[in-house]
Amino acid sequence: MGGGGQQTDRITGTNGRFGTYTWEEVQKHTKSGDQWIVVERKVYNVSQWVKRHPGGLRIIGHYAGEDATEAFTAFHPDLQLVRKYMKPLLIGELEASEPSQDCQKNAALVEDFRALREHLEAEGCFKNQPLFFLLHLGHILLLEAIALMLVWCFGTGWINTAIVAVLMATAQSQAGWLQHDFGHLSVCKTSRWNHLVHKFVIGHLKGASAGWWNHRHFQHHAKPNVFKKDPDVNMLNAFVVGKVQPVEYGVKKIKHLPYNHQHKYFFFVGPPLLIPVYFQFQIFHNMILHGLWVDLAWCISYYVRYFLCYTQFYGVFWAVILFNFVRFMESHWFVWVTQMSHIPMNIDYEKHQDWLSMQLVATCNIEQSPFNDWFSGHLNFQIEHHLFPTMPRHNYWRAAPHVRALCDKYGVKYQEKTLYGAFADIIRSLEKSGELWLDAYLNK
């Protein structure tokens with residue numbers, strides 16, 4: 001939950017007092033303005049709190065009527081502090097006869113996963129190494145400094161400009177992985193400092209919005225690859241993904257684009273346009289619409305710094321061209337890395353699975369190597385990152401063998417691919433989804 005609420009009057013149960021509830025009663029409260037969740041068998045009315053939730057209102061809404069214990073534990077590094085702010089929202093608890101898990105989840109698996117997390121905490125896997133993140137920030141700043149010095153020393157010729165653009169795109173991509181670390185509260189000891197540095201990194205170093213990122217990204221982690229809950233699988237009718245959506249679109253005769261060719265036009269619509277067009281517009285629209293003025297100030301500081309540095313060499317027009325070319329290259333890097341672990345995986349509507357099973361069907365890993373670790377910001381350990389989003393990324397490799405062992409015990413598939421194989425699977429999965437759409441469109 002995070003943050004602090006101002007609600008002081010406890011909402012009473014149906015008997016006018018602190019109540020006990022069945023799962024059936026809890027599951028009636030799922031609509032906007034009337035949302036209950038269960039955490040550690042306690043029932044909370046979060047109907048009004050969702051508007052003040054630092055992670056965004058939708059992430060709690062995605063767990064309305066459900067047991068949110070595993071998500072609650074995964075997202076909050078300081079559970080005691082958050083429980084303090086949850087007290088005014090407490091309305092009761094589950095009846096003693098009710099199971100702790102909803103929707104027939106495997107209680108033994110849930111308990112073993114909880115024990116695994118405690119074991120990893122005891123081993124120090126959730127403790128960060130400040131030097132790691134300082135060095136990472138240092139190499140980003142070094143890349144930017146070298147790019148500017150190259151222009152200063154060697155001018156604006158085409159070859160030198162191409163080298164400068166590659167250095168800047170690399171710095172932007174690596175800053176993207178760094179802001180991701182702070183956004184997940186996995187670097188500093190307190191959430192406050194993580195949030196402050198997050199705004200600096202994503203705002204001043206990248207020209208984006210921490211609030212916008214939080215709103216999108218935590219939904220993705222809460223319900224990965226779940227339609228209507230994970231914004232990352234909202235393809236705006238440009239693509240159909242998975243096995244369910246293509247058939248659904250085909251049966252309804254929906255044809256916004258020739259989806260049977262989406263694996264071909266993906267190269268022209270996806271990687272080139274996501275950051276420089278779609279995200280660029282969405283970020284500014286979101287900041288202005290929701291009054292994120294602090295984010296906007298940090299974002300403007302990035303643009304001021306960039307244009308002060310480069311217009312003196314290139315002029316305004318060519319500085320704008322260089323800026324968009326850097327965004328264009330960064331966008332390719334971002335799309336291939338972020339989608340290699342998700343698009344080829346299962347994409348479906350809500351199935352109410354336990355945390356481990358839900359994350360494993362939606363994510364896969366890429367082989368570890370020094371290059372893969374650096375290139376992907378350690379998101380080659382996507383499984384461990386999704387299971388433990390507040391774990392510092394330099395410790396994923398320590399958690400991986402334990403996670404694999406637990407998956408083997410319960411028959412949960414743990415996938416690991418080569419980098420090339422993961423990239424190829426993006427195209428293969430889009431092609432397969434396109435074929436499913438065409439078959440349903442023509443024959444059903």
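Visitor: Are α13 and α18 roughly parallel or roughly perpendicular to each other?

Guide: In this predicted model, the axes of helix α13 (residues 293–339) and helix α18 (residues 419–443) come within 9 Å and cross at roughly 85°. Angles from 65 to 115 degrees count as roughly perpendicular. The two helices, α13 and α18, are therefore roughly perpendicular to each other.

Visitor: Which residue has a side chain joined to that of K199 by a polar contact of 2.7 Å?

Guide: K199 lies in helix α8, which spans residues 191–205, and K199 is partly exposed, with a relative accessible area of 26%. Leaving aside neighbours within four places in sequence, K199 is in contact with H204, A210, V294, D295 and W298. The polar contact of 2.7 Å runs from the side chain of K199 to that of D295.

Visitor: Which strands stand at the edges of the sheet?

Guide: The open sheet is formed by five strands with mixed pairing, in the order β1-β5-β4-β3-β2. Each edge strand has a single partner strand, so one side of it is left without a neighbour in the sheet, and the strands in this position are β1 (19–21) and β2 (30–31).

Visitor: Which residue in β5 stands opposite G19?

Guide: β1 pairs with strand β5 (residues 90–94) in the parallel sense, over three bridges. Within β5, the residue opposite G19 is G92.

Key:
Residues numbered from 1 in each chain as written. Predicted model: local features only at pLDDT ≥ 70, side-chain atom pairs only at ≥ 80, totals over all residues. Heavy atoms only, no water. Pairing = 2+ DSSP bridges. Helix = DSSP H or I, 4+ residues; strand = E, 2+ residues; numbered from the N terminus. Buried < 20%, exposed > 50% of the residue type's maximum accessible area, 1.4 Å probe, protein only. Contact = heavy atoms within 4.5 Å. Polar contact = N/O pair within 3.5 Å; in protein donor to acceptor, adjacent residues only side chain to side chain. Axes fitted to C-alpha atoms, helices over the stretch in contact; angles between N-to-C directions. Parallel < 35°, antiparallel > 145°, perpendicular 65-115°, else oblique.
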